[in-house]
Amino acid sequence: MVPEGPIVRRAQPWLGTCVEIRAEAARLPRWEVMAAIDAAFAEIAAVHHLLSRQDRGTDYLQLTQARAGDVLRVDARTAEVLRLALNLRKESAGAFDPECNESPAAATAHAAAQPAWSLEDGREVRVHRQATIDLDGIAKGYAVDRASDSLHAHGLAGTVNAGGDLRTTRHCSEPLLVRCDTIRGGLVSLGRLATGAFASSQSRARRELDSALAGDGIDDRRTGGRPLPLMVVAVAAPSCAVADALTKVVAVDPGAAVGLLERCDATAWILRELSGVLRMRQLGSSSIVTVDAA
């Protein structure tokens with residue numbers, strides 16, 4: 001259902017992208033709506049300052065500079081992101097991995113080992129070995145979740161969208177659109193999102209002679225990690241942090257991802273160009289997704 005009444009839109013630059021918050025303004029005085037949106041942006045800003053590589057936040061620096069044997073005390077929000085990342089690494093058998101490895105040898109060395117850090121007593125992180133970590137995607141999704149929960153707590157229906165990672169609150173519905181320019185698919189509609197979250201990612205692979213596809217994306221960080229085929233993966237799930245993380249799991253190992261998608265009440269789409277035709281494969285089934293009849 002699309003919210004009735006006037007919609008207030010505000011956008012700010014955070015998390016390496018433009019974050020837009022849209023909120024229904026019909027039921028509350030405008031000053032209350034604006035205060036609620038400010039509170040939601042404050043949640044985004046807090047996660048940015050803690051974990052974003054763009055800002056080199058306090059906790060991110062601690063984690064990247066720590067050495068084996070260190071015990072760090074981090075913010076409760078950082079601990080929550082780390083706990084989710086560790087759980088998903090375990091549940092996906094390493095298909096989702098927040099650690100970065102600059103060489104195949106490094107990937108092989110760490111794949112059989114325990115994670116580089118573990119959580120103790122809520123906010124304490126014990127470092128087992130020095131590692132480079134990448135929490136950008138899951139942290140962005142988590143920030144969207146925090147902002148969406150803040151809107152809901154203030155009695156507002158609305159949508160938080162951080163560069164395509166989005167979450168809706170109650171009584172809202174959003175079209176699920178994925179841009180596939182790099183595989184000549186254009187803008188693809190996957191249906192509509194009821195209350196829930198959505199995220200998409202592109203594989204790191206590039207076409208020969210097409211340097212425009214270089215840059216960040218999904219890669220396989222498991223032992224013997226291989227180049228992934230060029231694809232776009234989208235996931236709808238109850239939370240944006242989980243949806244963002246699951247895009248990596250689905251890209252790396254679609255077959256093994258099915259069970260995890262079901263446990264997370266999530267749906268995934270894999271879009272690839274084969275012989276000049278855009279192909280789409282759907283995995284999992286979620287109660288939060290309504291597919292267009294067309």
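**Salt bridges and a helix pair**

Arg129 has a relative accessibility of 21% and therefore counts as partly exposed, where buried means under 20% relative accessible area, exposed means over 50%, and partly exposed lies in between, using a 1.4 Å probe and protein chains only. Before I go on, please keep in mind that this is a predicted model, in which local features need pLDDT of at least 70 and side-chain atom pairs count only at pLDDT 80 or more, while totals for chains, interfaces and linings use all residues. Residues are numbered from 1 along each chain as its sequence is written, and side-chain values use heavy atoms, with hydrogens and water left out.

Arg129 forms a salt bridge with Glu99, with 3.0 Å between the closest N and O atoms; the term stands for a side-chain nitrogen of Lys or Arg within 4 Å of a carboxyl oxygen of Asp or Glu. Because Arg129 sits in the loop between β6 (124–127) and β7 (132–133) and Glu99 in strand β4 (residues 99–100), this pair ties together parts that are 30 residues apart in sequence. Helices here are DSSP runs of H or I with at least four residues, strands are runs of E with at least two, and both are numbered from the N terminus. Glu99, for its part, is buried, at a relative accessible area of 2%.

By this rule the count comes to 11 salt bridges. Another of them joins the side chains of Glu174 and Arg22, at 2.9 Å from N to O, and it links Glu174 in strand β10 (residues 174–180) with Arg22 in strand β2 (residues 17–24), 152 residues apart. Glu174 and Arg22 are both buried, and together with Glu20 they are linked in a network of salt bridges.

Let me turn to the helices. The axes of α5 (residues 136–153) and α6 (residues 240–252) come within 6 Å and cross at roughly 155°, the axes being lines fitted to C-alpha atoms over the stretch in contact, with angles from 0 to 180 degrees between N-to-C directions. That makes α5 roughly antiparallel to α6, a description used for angles over 145 degrees.

Within helix α6, Asp244 forms a salt bridge with Lys248, the closest N and O atoms lying 2.6 Å apart, and these two residues are 4 residues apart, about one turn of the helix. Asp244 counts as buried, at 4% relative accessibility.

Note on methods:
Angles under 35 degrees count as roughly parallel, over 145 as roughly antiparallel, 65 to 115 as roughly perpendicular and the rest as oblique.
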